[in-house]
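Trainee: Please take me through this model one feature at a time, giving the rule for each term before applying it.

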Amino acid sequence: MNYLQLAILVYIIGMMTADFIILYYLLRRSIVNKKAIFFVSSVLLYMSVEALDLAYILFSHGSILIEPISLLIASIPIVISAMMKNSITRWREDKTSALTLALTIVADEIAMGYAYSEAFGPHINPIIDSVSNIAFGVMMLADAIFFLALSPRKIEELSLFTFASSMAFMPNIFFTFSAYTELVGSLIASIIMIVNIVTLYLIEFRKLTFNAQLLSISLGFFDFIMMLSLSIYATSKDLYIISISMIASMIWYFTLIFYRFKDIKIKLGLKYPLTFVIFINFAELTMGFGESVLGFRITNNLWIPSMSEKHMSSIHMLMWSPNTNPWWWIFPTDPWSMTLMGYKQAIMATHNILFAGFWASYMLIMMTTMMPFYVVMMGAEMSYLVYERFKTAKNSNIKTWAIAILVGIPLFVWLLPYYTPTYIFGMSGMLSHINPEFAPTLFSFTLSLLAIALASTLFGRRAYCNLVCMSAHMWTNIYYDQFKPKKSSKIWDYLRWISLGIMIIVFAYVFLIFLGIVKNPSIGTLQIPLLDFYGMFTLNYIWWFFFFLTPVFGTYACARQGWCGFGNFAGLFNKILFKIRADSVDTCKSCKTIQCEDACPVKIPIRTDVISKGYTNRISCIGCGDCVEACPYNNLEIIDIRNAFRSGKASTS
């Protein structure tokens, strides 16, 4: 490091210190003269342009004539203030004052980032240089800590903190570092982003005010924008879009920090949660996609260093991560390469661009949502929301089952599919690309069906729908639980059997494939692996679409509308041991509220069933237990195999 580089570092540290001192005193005063805001803005701009000029002159050998021009520009706020009348204002409630200060701070930090990049690199273009360097990351993290320390301890402040600090670890920040550092940084950014998304869910659920809804929806939107730019960076190494998205996110972050929107009560309605869920789901999907692509490419380049990048790019189109890559379990393949490969295969096989577009969208959603990183990310977010529901649950049975959901998802959705070839409804069939031992066989296929049948016999459909399927996390939690449908339709009872019939036909055909009697179907020359396609299309593609629009379709659309044939198959075994039983039928007869049916996400006519036979055990029942908890008379209970053991103990004693 030479003297000029050291001087720039000292100047940047001095600027940051001055910024924090000025903002500290300003934030402690809610009422100030409006002229003071513009004066402070000019002071900050003077420091900014001085940093730009010094870096430009010293390291790019620019003309010193830039100084008077930039100083004139920085004087604009002071000139405006001189033309103003003296007026005392609550500056954080004044749009002009707050936005002026927000834009000034953003310009200040971009200037510091530019000064650092001129001294240390990179040298690509001014926008990329200003944002894609470690100094910018340090500044964003320092800002996040500073404003959190000065803020009241509210969940909104934690959300803003995690939003800003996630930018400090985006992969472009470490562009000039090693690829491994870049990957670790992006993983840290994603972990912080996961916490941020959880806080947004909680704000959206708890705070029915315009201010809170604006914060959660807008940060959800900018989370999506940043994760989309991460995905573009992962697939193309484009630094421009990720830099622009971070600058836009900075502007909005400082706007939310400085300006206090009117905190008025609002009605939740549909538009707020629907807009929020759309942005958050796009953010989650693009995060899972971007991290999976980036992780796959970086780790395979690290662990197969002898191959050139050009050679590796062709390998990405053909290979999954080999077992020799210690990261294969979290980044087994590249969703983008698999999507492109699927599109090209569909075009070549059918020469139909519409089918190829559908096939590419199917591959994109399927490959992203089945990636371990996406599963772990969504599991972490939804686990906390399930835990929040666990804390509020009053019924001990519901609390116990909430714990079972928390344990079941990582076990049945992520861990088991990787380490046993007998579990075929998950990653195992797809992982046969890596290891032939994971390829499904007639034995493993039959064993999986028998295991689900046995578990559903003992514990009802919830053994599948609330343990093996991720719907338990996605819909049985503190946030999504509020979107239970108001009513259902008898038409679903008929369509349910059509869906089950399709599943039986598919599975029968798969048995014939295993026996070598028939082959997988094909469209043109494109062979469709039937078992994988049915499972992934149902559980990843269709299910994700309905989850995406939960505020419209309600929770457990898969069970209520019956389009999940495998769930219907599991539901058949509700008829054996599992039921929701009433202690007193007379209590149900005299009940006026019927809260059990209001709480049921599938909209089963529980009261009608109980009055006619003392219990309900329809195949559509997912065993969530919401009806049991909602009953104001504590009159309902869940009956399954455990009751037989309790009865045995009681009779023994």
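**Helix, bridges and sheet**

Mentor: Let me start with a helix and its surroundings: the buried residues of H21 pack against helix H18 (442-459), helix H22 (530-548), helix H24 (557-561) and helix H25 (565-571). Helices here are DSSP runs of H or I with at least four residues, strands are runs of E with at least two, and both are numbered from the N terminus. A contact requires heavy atoms within 4.5 Å, while buried stands for under 20% relative accessible area, exposed for over 50% and partly exposed for what lies in between (1.4 Å probe, protein chains only). Since this is a predicted model, local features need pLDDT of at least 70 and side-chain atom pairs count only at pLDDT 80 or more, whereas totals for chains, interfaces and linings use all residues. Residues are numbered from 1 along each chain as its sequence is written, and side-chain values use heavy atoms, with hydrogens and water left out.

Trainee: Which residues of H21 are buried, and what span does H21 reach from its first C-alpha to its last?

Mentor: The buried set consists of Arg496, Ser499, Leu500, Met503, Val506, Phe507 and Val510. As for length, the expected span of a helix is 1.5 Å times one less than its number of residues; H21, with 24 residues, reaches 35 Å, close to the expected 34 Å. After H21 comes Gly516, which has a positive phi, near 80 degrees.

Trainee: How many salt bridges does a search of the whole structure find?

Mentor: The rule asks for a side-chain nitrogen of Lys or Arg within 4 Å of a carboxyl oxygen of Asp or Glu, and the search finds 15 salt bridges. Asp493 and Arg496 are separated by about one helical turn, because they stand three residues apart in helix H21 (residues 491-514). Asp493 is partly exposed at 35% relative accessibility, whereas Arg496 is buried at 4%.

Trainee: Which salt bridge links distant parts of the chain, 51 residues apart?

Mentor: Take Lys207 and Glu156, whose side chains form a salt bridge with an N to O distance of 3.8 Å. Lys207 sits in the loop between helix H9 (179-206) and helix H10 (210-236), and Glu156 belongs to helix H8 (residues 155-167). Here Lys207 is partly exposed, with a relative accessible area of 31%, while Glu156 counts as buried at 15%. A further salt bridge joins Asp334 to Arg297, at 2.7 Å from N to O. That pair is 37 residues apart, with Asp334 in the loop between helix H13 (309-316) and helix H14 (335-350) and Arg297 in helix H12 (residues 271-303). Both Asp334 and Arg297 are buried. Salt bridges can also be linked in a network, as they are for Arg389, Asp481, Lys484 and Asp626.

Trainee: How many disulfides does the count come to?

Mentor: With a disulfide taken as a pair of cysteine sulfur atoms within 2.5 Å, the count is zero. Cys469 is in no disulfide, as the nearest cysteine sulfur, that of Cys558, is 5.9 Å away. Cys624 has its closest cysteine sulfur in Cys600, at 6.2 Å, which is too far for a bond. Cys469 is buried at a relative accessible area of 13%, and Cys624 is buried at 11%.

Trainee: What order do the three strands of the open sheet have?

Mentor: The order is E6-E5-E7, with antiparallel pairing. Strand E6 (615-616) and strand E7 (636-639) are the edge strands, each pairing on one side only. Strand E5 (residues 579-582) pairs with E6 over two bridges, and Arg581 has Tyr615 in E6 as its bridge partner.

Trainee: What mean pLDDT does the protein have?

Mentor: The pLDDT is the predictor's confidence in each residue, from 0 to 100; its mean is 87, and 93% of the residues reach 70 or more. Residues 311-318 fall below 50, and this stretch has twelve contacts in the model beyond near neighbours in sequence. For the protein overall, there are 30 helices and seven strands, and buried residues make up 56% of the 653 residues.

Conventions: Two strands pair if DSSP finds at least two bridges between them.
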